[in-house]
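I opened the notebook for this chain today.

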Amino acid sequence: MKLIQLNLNHCETAQDLLAQMVREKRADVVLISEPYREESMGQWLSNTAGKAALWACKKHSFQDVYTQAMGYVRAKINGIYVYSCYAPPSWSQNEFQIMLDRLVDDARGRPRVVIAGDFNAWAVEWGSRTTNARGRALLESFAELDVILLNDGKVDTFRKAGTGSKIDITFASGCLTRNTKWLVSEEYTHSDHQAVIVTINERESASLHKTERKGPKWKDNSLDADMFDEVLSSRNITPGDAEHMTQQLVKIMTEACDAAMPLKRTCSRGPPCHWWSNKIRTLRAACLKERRRLQRARGRPDYSQQATAFKEARSALQKEIKASKRECFKRLCKDADINPWGTAYRTVMKKLKERRSTQITCPTLLQEIVSSLFPQGSPTPAATYETDEDDGITPETSEEELKNATRKIKDGKAPGPDGIPNKVLKRAIQQRPDIFKRVFDKCLQEGVFPQQWKLQRLVLLPKGDRPPGDPSSYRPICLLDTMGKILERIIHDRLLQIVEAKGALSELQFGFRKARSTIDAIKVVTGIAGKAIEGKRWKHGKKEYCAVVTLDVKNAFNSASWKVIIDTIARIGVPAYLLRIIRSYLSNRRLQYFTERGIKHYVISAGVPQGSVLGPLLWIIMYDGILRLAVPRGVKVIGYADDIAIVTVAKYIREVETAINEAIGLIRGWLQAAKLSLAEHKTEAVLITSRKVLETIQIEVGGQTIASKHFVKYLGVVLDCRLNFKQHLEYATKKAAAVQAALSRMMPNIGGPKPEVRRLLSTVTCSVLLYAAPIWAKALTVQTVRTKFGAVYRLSAIRT
């Protein structure tokens, strides 16, 4: 692992050059004092004052972070606790000592530690001329820790006006120093400080990474179509069982890919910064040259002349970097005429999206996350189910089924563990549909879903700004082999046709169903609420209260019981061959994930794979039971995938509370039988009424008492207690304004994309504003709401 340590003096150009240095030196982690901005690539952590920061810029990810300290920030990276520190010279000795005491208390007992930063302290131990009060305090405090000073004291880390000092200090645990190299870089940084490069050699991890590969990756843009077709046409599949024929099919595809496409080369060095150029490289070298001349000229008559030359070189470098950035962005905006949704669009919209996190590689942490996200369930029962359709006939795969399944494969999607690109697979099916049909038919006849296609590769996607390392901070996605997904699609289409013909899906389930969307679910909820608060309340009036309660199921998709899914499908009465292959699909599944110690596997015994084709359908078939519960009068349970909304209408508040509590009790009982549970603390409720005095309700969820709020967010729409949607429009206009501000960067008043492209890009703002418009359109009858709404439209219109 390679670390770079640098004080940037809050300089923009210094941080730009640091970003380029990270790419050139292939650095993994950067310890920064006085950063200028937060970097968008990788992960970024800073302390409360923003003066000490950590930047994980490659494969390593932060774990066990602490950012609330004064003067330092800490994170666990690749099994090492890294501390980035900065103690300003303006601090008193007492403030400096408080920071040291807290730092030592936090680092005490940790086995592998690196502590580095600008302490503004002098001591002869790291090469200073004398030892000041800060230096003595630092040495005395760190004597309590098992750390060793890495500075050799030979080279100044701070250089200005021909003078220098050694105030950037690095300490590391004794167990790390045996294989650690410490070096002061002589490259120009545009800061008064030099970069310190610390290399920690981890030979065991490196060897494992070399021997255990993630699987083949071919360059599909270099496909030799004639060679691919020739190899494919010369191969055939011999008869055998489903597993054996599947292995032959995968082998044929692998041989054809090897013959027709080169493998991708993996290289740890990333591309240079988009603004980097040979001219900037030359100017950086010139700055370094002029600074060395200035240092040698100290005390000589030409010192002022050399200082002026160095100042001019610095200014030229700074101006060229800014000019190069402007020119690059102008080119991006011009390219938007060709591809409006290309690099320019992704660049300006990046800040509005979640930061892309580097993948976690720590084996212990990954094991904790995987075991938490994928709980163990009961294995698939071996019992044979009797169905009404058990006639022993298995329909063959038709060409139309195969074409329809292939048509739904997208070229740009990531392949599964076999690495076969999607567009290459589509070509293979077009050229040789017979071998695929033979394999799929054999699987359906034997009721076997091949073991090779049940291997799922884990990808963890971070959720917002939640703390890294917490299992709830990640959304697990499983990459599956696309050939297996095609078989899943065939099973899915046949099962869906039977389920819908038998009316086995509730009309109140709106998720994962054709011609149904979030808007339909919201419309049902608001329709019930709107009807309830119409008319008069007293004197035989029909006006009532309406409460909307949203429930969240813990880790729903990964916890569903396989036995409950199979039992539900069996009760529907599907053909025996479909039931057999679904049982095989939900058995002996394995999860593959990558750590710094190599490839690990985990046995899956519950849930439906997120990223699969068949999984969502199996989920809503099982989940249908919750929508058919015998709930009290006036209560409706509405589902969208795993989201549940309880809509209750009653004349009196006490009746509303009683009905809701009874419905929640029934739902909790059903979930418990299905091996699922509610995230009780995430339950929210709103009481919709037209009374002048705002009232609330109290509901009981698993021993917790939850009071209703003035509004809740349901499927992206804010439902308020008056059902006037004012809160939703405030939320939508704020979000759309942020989108418009980002898009305005690529639509300058002079130059930039042509008018038709500008109009196309403005539809992004409109789509944010107009989400669920049929639901809240009546709110625009209020003048103040129209004014806020129109302001965002006006900003969009100005730029188009």
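The entries below follow the order in which I looked things up.

**Entry 1: domains**

I note at the start that this is a predicted model. Domain 1 covers 2–200 and domain 2 covers 278–352. Domain 3 is given as 524–553 + 626–720, and domain 4 as 726–798. I then took the pair of domain 3 and domain 4. Their centres, taken over C-alpha atoms, are 32 Å apart.

**Entry 2: the interface of domain 3 and domain 4**

How many residues of domain 3 are in contact with domain 4? I find eight from domain 3, which meet seven from domain 4. I looked up the buried area next. Interface size is often quoted as the accessible area lost when the parts come together. Here the figure is about 640 Å², with 62% of that area from carbon and sulfur atoms. Which residues of domain 3 lose the most area to domain 4? I get Val 717, Val 718 and Asp 720, which together make up 53% of what the domain 3 side buries.

I checked the polar side of this interface too. The rule gives zero salt bridges between domain 3 and domain 4. Polar contacts are there: I count three residue pairs, with both residues at pLDDT 80 or more. I then sorted the domain 3 side by element. Strand S25 (711–714) and strand S26 (717–720) each give two or more residues to the side that touches domain 4. S26 gives the most, with three residues. By class, I log four nonpolar, two polar and two charged residues on this side of domain 3.

**Entry 3: positive phi**

Most residues other than glycine have a negative phi. Asn 9 is not a glycine, yet I read a positive phi of about 55° for it. Asn 9 sits in the loop between strand S1 (2–7) and helix H1 (12–25). Is Asn 9 buried or partly exposed? I call Asn 9 partly exposed, because its relative accessible area is 27%.

Ala 641 is another case. Its phi is positive, about 60°, and Ala 641 is not a glycine either. I place Ala 641 in the loop between strand S20 (635–640) and strand S21 (643–650). Ala 641 has a relative accessible area of 7%, so I log it as buried.

**Entry 4: salt bridges**

I moved to charge pairs. Side chains of opposite charge can pair when their charged atoms come close. My search of the whole structure returns 32 salt bridges. I looked into some of them.

Asp 105 pairs with Arg 108, and their closest N and O atoms are 2.9 Å apart. Arg 108 is partly exposed at 40% relative accessible area.

Glu 187 and Arg 284 form a salt bridge at 3.6 Å, N to O. This pair links distant parts of the chain, 97 residues apart. Glu 187 is in the loop between strand S13 (180–184) and strand S14 (196–200), while Arg 284 is in helix H8 (residues 278–296). Arg 284 counts as buried, because its relative accessibility is 10%.

Arg 427 and Asp 229 also pair, with the closest N and O atoms 2.7 Å apart. Where do these partners lie? I find Arg 427 in helix H13 (residues 422–431) and Asp 229 in helix H6 (residues 225–233), 198 residues apart. Arg 427 is partly exposed at 25% relative accessibility. Asp 229 is at 17%, under the 20% limit, so I count it as buried.

I also found a network of salt bridges. Its linked residues are Glu 12, Asp 16, Arg 37, Glu 39 and Lys 325.

**Entry 5: two loop residues**

I looked up Ser 128 in the loop between strand S8 (113–118) and helix H3 (133–142). Ser 128 counts as buried at 11% relative accessibility. Which residues is Ser 128 in contact with, leaving aside neighbours within four places in sequence? I list Trp 122, Ala 123 and Lys 166.

Last, I checked Ile 338. Ile 338 lies in the loop between helix H9 (303–335) and helix H10 (343–349). At 74% relative accessibility, I log Ile 338 as exposed. I also took its distance to Val 757, 419 residues apart along the chain. Their C-alpha atoms are separated by 8.9 Å.

Conventions
Residues numbered from 1 in each chain as written. Predicted model: local features only at pLDDT ≥ 70, side-chain atom pairs only at ≥ 80, totals over all residues. Heavy atoms only, no water. Domains from an automatic or database assignment. Contact = heavy atoms within 4.5 Å. Buried area = accessible area lost by both parts, 1.4 Å probe. Salt bridge = Lys/Arg side-chain N within 4 Å of Asp/Glu carboxyl O. Polar contact = N/O pair within 3.5 Å; in protein donor to acceptor, adjacent residues only side chain to side chain. Helix = DSSP H or I, 4+ residues; strand = E, 2+ residues; numbered from the N terminus. Nonpolar A, V, L, I, M, F, W, Y, C, P; charged D, E, K, R; others polar. Buried < 20%, exposed > 50% of the residue type's maximum accessible area, 1.4 Å probe, protein only.
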